Amino acid sequence: MGLPIREYLLVGLCAAVVTYLLTGLVRRLAIRAGAIAVPRGRDVHTVPIPRLGGIAIYLGVVAGVFVASQLPVLRRAFDYSNETVAVLVAGGLIVTVGALDDRYGLDALTKLAGQATAAGVLVLMGVQWTAVYLPWGGTGGSTGSVLLLGQDQGVLITVFLCVLLVNAMNFVDGLDGLAAGIGTIAATATCAFALGLLGQQNGDVNAYPPALIAAVLAGACAGFLPHNFQPARLFMGDSGSMFIGLTLAAATTTASGRTNYTTTGATGALALVTPLIVVAAVVFVPLLDLLMAVVRRTRAGTSPFAPDKMHLHHRLLEIGHSQRRAVLLIYLWAGVLSFGAVALALIDNAFVVVWIVTVGVLVAVLASAVPRLRPRA
């Protein structure tokens, strides 16, 4: 029958349209509720801007999933898996926690508890890592081995990954349109990876959920972006950034359970890119920002959650990039790394992929260094 690409495009488009249309209503709600981001010393914006945009993103995802449940081709996925519904339930929980933080301001420990609880809901409803491919330890001429995870190990890895991605997306949300754009890129790359796995499974209906989750998230983030790109009229707030991180974690976790490691291992060493490595590449920029922030703050003797003005986007602004250019540069880095990793996992000609990614990285490095390369008057 072939891959249901048109159906995935349709549900992604529906999520985008609903998010775009609802964002204006959510902005009015945020103003009326007093959920306003007042400029602080570490912020880039200079005027108060309403937040709670994550509510519009979440409702867009819900709309996309509802449309998918009405399509004959995608409807069967709901009969064999609860993973998509799990994203809606856990996502609703984390959006609620984020919305409370956007309005009232929650302490870091309370937010962490909410994040862990949402991740636990995913696990209870069937979203969990079960195996990881290792490019070593093979026997009988095989190129690797598969590490099967026990129940406790799978739960810990899943919860850790969810909390990690939630906070990574939260940390990177510092410039207009940055988190929404990275969410769009990362979700699109994850969807492409999931579609590749779906093709390897010959269209098995059990492999539909990861592509569906990623498609509706990509659409919702894209629909929110016109309202959020500089100059932003509405911020997504923690309700949005945490939901994006959780949904990305769910999409990549469900994709991990659909990988045929036997056939993957036969394609050669460079093609042995496991879902975990693809996850790291897809969200490399926010994860790098998170890691640098934790190291920086720990060395300074402060809490890892203590705010500062030393994130990657702040550094790009300091060397002379405008807000828009800094955001577009981070888009470029995220796109090169995420789609490069996905292409390496799915395309047999690894040499061509590596060559193209190398060129992309060089272009990104040169574009990032432009202000320093300009002659000074």
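Asp238 is buried, as is Lys111, where buried denotes a relative accessible area under 20%, exposed denotes over 50%, and partly exposed lies in between (1.4 Å probe, protein chains only). The model described here is predicted; local features need pLDDT of at least 70, side-chain atom pairs count only at pLDDT 80 or more, and totals for chains, interfaces and linings use all residues. Residues are numbered from 1 along each chain as its sequence is written, and side-chain values use heavy atoms, with hydrogens and water left out.

**Salt bridges**

Side chains of opposite charge can pair when their charged atoms come close. In a salt bridge, a side-chain nitrogen of Lys or Arg lies within 4 Å of a carboxyl oxygen of Asp or Glu. A search of the whole structure finds two such pairs, which are set out below.

| Salt bridge | Distance, N to O |
|---|---|
| Lys111 and Asp101 | 3.6 Å |
| Asp238 and Lys111 | 2.9 Å |

The second pair links distant parts of the chain, for Asp238 belongs to helix 9 (residues 237–256) and Lys111 to helix 5, 127 residues apart. Salt bridges with shared partners join Asp101, Lys111 and Asp238 into one network. Helices (H or I, at least four residues) and strands (E, at least two) are DSSP runs, numbered from the N terminus.

Helix 4 consists of 22 residues and reaches 31 Å from its first C-alpha to its last, close to the 32 Å expected at 1.5 Å a residue. This expected span is 1.5 Å times one less than the number of residues in the helix. Just after helix 4, Gly105 takes a positive phi of about 80 degrees.

Gln115 is placed in helix 5. Is this residue buried or exposed? Gln115 counts as buried because its relative accessibility is 3%. Not counting residues up to four places away in sequence, Gln115 touches Ile94, Val163, Val166, Asn167 and Met242; a contact means heavy atoms within 4.5 Å.

**A loop residue**

Leu52 is found in the loop between strand 2 (49–50) and helix 2 (53–70). Its phi is near 85 degrees, a positive value in a residue other than glycine. Leu52 counts as buried because its relative accessibility is 5%.

**The surface**

A nonpolar surface patch of about 680 Å² is made by Leu332, Phe351, Val352, Trp355, Ile356, Val359 and Val363. Patches are made of residues with over 30% relative accessible area and no salt bridge; like charges are joined within 9 Å, and nonpolar side chains (Val, Leu, Ile, Met, Phe, Trp, Tyr) within 5 Å. Which helix gives the most to the nonpolar patch? The most comes from helix 15 (residues 350–368), with six residues. Phe351 has its place in helix 15 and is exposed, because its relative accessible area is 65%.

The accessible surface of the protein comes to about 16700 Å², of which 67% belongs to carbon and sulfur atoms. Accessible areas come from the Shrake-Rupley method with a 1.4 Å probe, and for residues only the protein chains shown count as cover.

**The whole chain**

The secondary structure of the protein comprises 16 helices and four strands. Of its 377 residues, 52% count as buried. Among contacts in the protein with a separation of 6 or more, 75% are accounted for by residues 24 or more positions apart.
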